[in-house]
Every structure is written in C-alpha cells, then in structure tokens.
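Thanks for coming, everyone. I'll keep this brisk and talk through one structure. Have a look at it first.

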Amino acid sequence: MTIARPFSVAPFLFASLTLMAPFAVGRAQVSENLTPLLLAVQDAPVPFMGSDGQVHLVYELGMTNFSSAEIAVEKVEVVGDGFVLQTLDTAAVAGRLQPAGLRESAGTLAKSNHALLFLNVALAPGNKVPAELSHRVSLRVSAAPVGHQELSESGGATTVDKRSVALIGPPLDGERYIAADSCCDATRHTRAALPVNGRVWVAQRYAVDWEQMDAGGHIYTGPREKLESYAIFGQPVLAVANALVVSVIDGQPEQTPGSYPSNIALDAADGNSIILDLGEKRYALYAHLQPGSIKVHRGEKVHLGQLIGLVGDTGNSIVPHLHFQVTDGPSSLASNGLPYEISDFEVTGKSHGTEAFDQAESNGTPLPVTLLSPPRTVKGAMPLDQMIISFAASSRPGGPTAKRQPSPAGLGIGPMRSRVP
C-alpha cells in the first residue's frame, strides 16, 4: 500500500496504530507499528564526575515529527539497561526541547520539524553506569483521529561511551571564581547546537565562562565600561596539562564591556585564543585572551601550570572572562564537547542562579551566594554551573602566582576513576 501523505489522509490507518501486525519471516515473528516521532541519539554520552559527587550523562535526544500536524511530547523516560533512570514530565520536556535553529524551548514539535531534547542524567554515588540507554516517550499526535491521538513510542537506543575522561589541572589560579554557564543545565553553552560543515555539533556542551568576584562579592567595581574594573581582568591563564599548542590567534582588540560587539565574524568569535592538544583526540580551548598577552606559539610544547596568557575581553564577549572547553577536535565549532575533570579544587559556595548572576554582572551589585562552611574539597570532578571555586596555591616555580600541582596521575590525561562504575 502506498501512502502519499502520511498522517493526513488515511484515518483508517490510525485506527490500527496500536495494533501489532505480525508476519512470518522464516520462524521469526516481526511486528510493525507506526512511529510518527522518530528518535535518535547522534552523540552518545560520556560519563563523568561532577562537583556534586554524582556521575553525569549529558547528551541530546533527537526528535523528528514525521507527521502533518503538531506533536506534543508529554513524558520522556530515560531507560538504562532496562531500568528507568529519569522521568521528565510535560513541564520538564517543555523546558528542554529545543526546535532546530532556535534557542527557545517548547513542549511541542511543529509538523515536519526536528528538535533536540537536552538531557542530563545524574546518577547518585554507588549507582552503576549503564551500558545501554533507550527512551520511552508518551506523545499526543494531532494528525491522528480523535480517540487515537495518545501514543507511546520507544527508541533512541545508544551505547554509553565509556572512554577515559581528561584529568586536568586548573586553567586559573586563586579564589572566588564563578563557573558561569557551566554544565549541565545552563542553556547558553550546553544547548549551543550549531550546523557546521553539514553536521550538527555541540562544541560547547561542557564549556564554562570563568568569572571572578572581589572580596566584596562584586564582579566589577568602578565604571562598567572599564576593563580594569573587573576582578578577573588580567588574571594569569595556565596550561591544564602537558600538551602541544596547535592553534594561536592574537592581535584582536579588547571589546568595551557591557554590550556584545556587532558584526563579529565567525572565525573571530573566540577572540585571542589558544588550543592545546591534550592527546587521545582531546583539545582544550582558551578564548577571549588579552591582545599581546599570549606567551606560546603554534607547535610549542607546554607543561602543566605554565603561564600561557592573560584573561581579556576579546572576540564575541560582553565582559572580561575566560571561556574554556574541551572538544574532540582542534576546532572551536566543528567538534563535539567532551567532559573533563579537574584534579582538585575547593567549592566555597554557590550563586543563587543564572538570573542573579546576570544581574550582578550587569549592575555591579554583589552576587548573592550561599556559602559552604567549611569549603568542600573536590578531587577529580568538573565544577558545575554557578559554583564558587577556589584553586588553592602552593609553590609553582617560574609562574606569576603559586599553584597546587595535581597528583602524578593527573599530569596529562587520566583514565576514569574506579569510583565511576
């Protein structure tokens, strides 16, 4: 039977949507069901340890509405090795489902449309990381006849990618750093899916914008438009591992803080930047550095903790900050973000969220923070969004400031620790 216009002119077809249609193939029985919502995972998640003590699986579930009318996604269950790991209700789906080409989320897919559901599955300590993931989705298909619009589908099966995770040193030195727009639910980085060279990439999946508070909790003190008003401006930027420099961009001017620049070319978005080859197809990007501050050259080998530049406000930047990310390729755009774990640091508090952070960054008012007393020492984890971080100091020969060295296992790339099952 030929169906020229699926889900629009064959109401009799929907009356049998929930019926199994077995037929013989040799001795096997095969069933066929209409699946108007196509599910697929392009990039399997890589488990890593977060600074909250939980293992995280961060990835995107692609959804394609292969029907002639709207589909409402009402519930999504993430299933790992046959067990439900996470359930997203209608409101949770609506906050995470992002139609292709848009940065706003929605709970529905327009007809003949594609979207990404951005997922963050956190596993409590002691829970085993599954080998396989799949998804059960409850949906309402408007193109189906009344009485047959509520459907359930399963799909989007993927094998969890248990490759080793980069164990690195800190990219900065000192205290009161803010892990702004960091993993795993901050929308600006984690959901920055871009179509480049014929493929959708999420290079910033695990990116962070490091900013800093002064002793009074201010991101800047003084005129907003003055670079020197910002606590982080001019801070030393450090090599996170023994690595090879594969890219250096310098000579771009500082921007005026307080507003994004206009007409920035795609290849200038990172401003003055450095990309390090960490080995095993992992690359670290440092972006928005001060012009003339970069101390390394392409092809040079650097060592852990080495001064490589200073924090600036170049490229597509609204205030001085250090953008840092690890990817699977030497491009800041045409690559996929990979998780990493910093050898050791202290969590001294957490801000009251992205909105509070944006206001403090805009107005120069103190950032509201819930302090941890005593601070929590973390080893081998990724600083999560809006955490207040200190990289404690110890002697570091030859550098402008002192820095604690990671353990020997962290001098380059470390394997996943046994505490991540």
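**Charges, core and cysteines**

Start with E60 and R205: a polar contact of 2.8 Å joins their side chains. One caution before going on. This is a predicted model.

Where does E60 lie? It is in strand 5. Is E60 buried or exposed? The relative accessible area of E60 is 7%, so E60 is buried. The cut-off for buried is under 20%. Setting aside residues within four places in sequence, E60 is in contact with A40, V41, Q42, D43, L116, L117, F118, V202 and R205.

Where do they sit along the chain? D43 is in the loop between strand 3 (37-40) and strand 4 (48-49). R205 is in the loop between strand 16 (199-201) and strand 17 (208-212).

D43 has a relative accessible area of 13%, so D43 is buried. R205 is at 4%, so R205 counts as buried too.

Which residues make up the network here? D43, E60, R199 and R205 are linked by salt bridges. As a general point, side chains of opposite charge can pair when their charged atoms come close.

Let me widen the view. How many salt bridges does the structure hold? There are 11. I'll pick out a couple more.

One is E150 with R140, where the closest N and O atoms are 3.5 Å apart. E150 is in strand 12 (residues 150-159), and R140 is in strand 11 (residues 132-141). They are 10 residues apart. Are these two buried or partly exposed? E150 has a relative accessible area of 47%, so E150 is partly exposed. R140 is at 35%, so R140 is partly exposed as well.

Another is R163 with D161. Their closest N and O atoms are 2.8 Å apart. R163 is at 36% relative accessibility, so R163 counts as partly exposed.

On to the nonpolar side. In soluble globular proteins, nonpolar side chains tend to be buried together. How many residues does the largest nonpolar core have here? It has 79. The residues with the most contacts inside this core are M63, W210, L276, Y286 and F324. Which strand gives the most to it? Strand 5, residues 55-65, with six residues. That is also the strand where E60 lies.

Take M63 from that set. Not counting residues up to four places away in sequence, M63 touches L37, L38, L39, V73, V76, L97, L109, N113, H114, A115, L117 and V137.

Last item: the cysteines. The structure holds one disulfide. C183 and C184 form it, with their sulfur atoms 2.2 Å apart. Which hand does it have? The torsion about the S-S bond is about 100 degrees, so this disulfide is right-handed. C183 is at 1% relative accessibility and so counts as buried. C184 is at 7%, so C184 is buried as well.

That's it from me. Questions, please.

Notes:
Residues are numbered from 1 along each chain as its sequence is written. This is a predicted model: local features need pLDDT of at least 70, side-chain atom pairs count only at pLDDT 80 or more; totals for chains, interfaces and linings use all residues. Side-chain values use heavy atoms; hydrogens and water are left out. A nonpolar core is a set of buried Ala, Val, Leu, Ile, Met, Phe, Trp, Tyr and Cys residues joined through side-chain atoms within 4.5 Å. Buried means under 20% relative accessible area, exposed over 50%, partly exposed in between (1.4 Å probe, protein chains only). Helices (H or I, at least four residues) and strands (E, at least two) are DSSP runs, numbered from the N terminus. Contact means heavy atoms within 4.5 Å. A disulfide is a pair of cysteine sulfur atoms within 2.5 Å. A salt bridge is a side-chain nitrogen of Lys or Arg within 4 Å of a carboxyl oxygen of Asp or Glu. A polar contact is a pair of N or O atoms within 3.5 Å; within protein, one must be able to donate a hydrogen and the other to accept it, and residues adjacent in sequence count only if both atoms are side-chain atoms.
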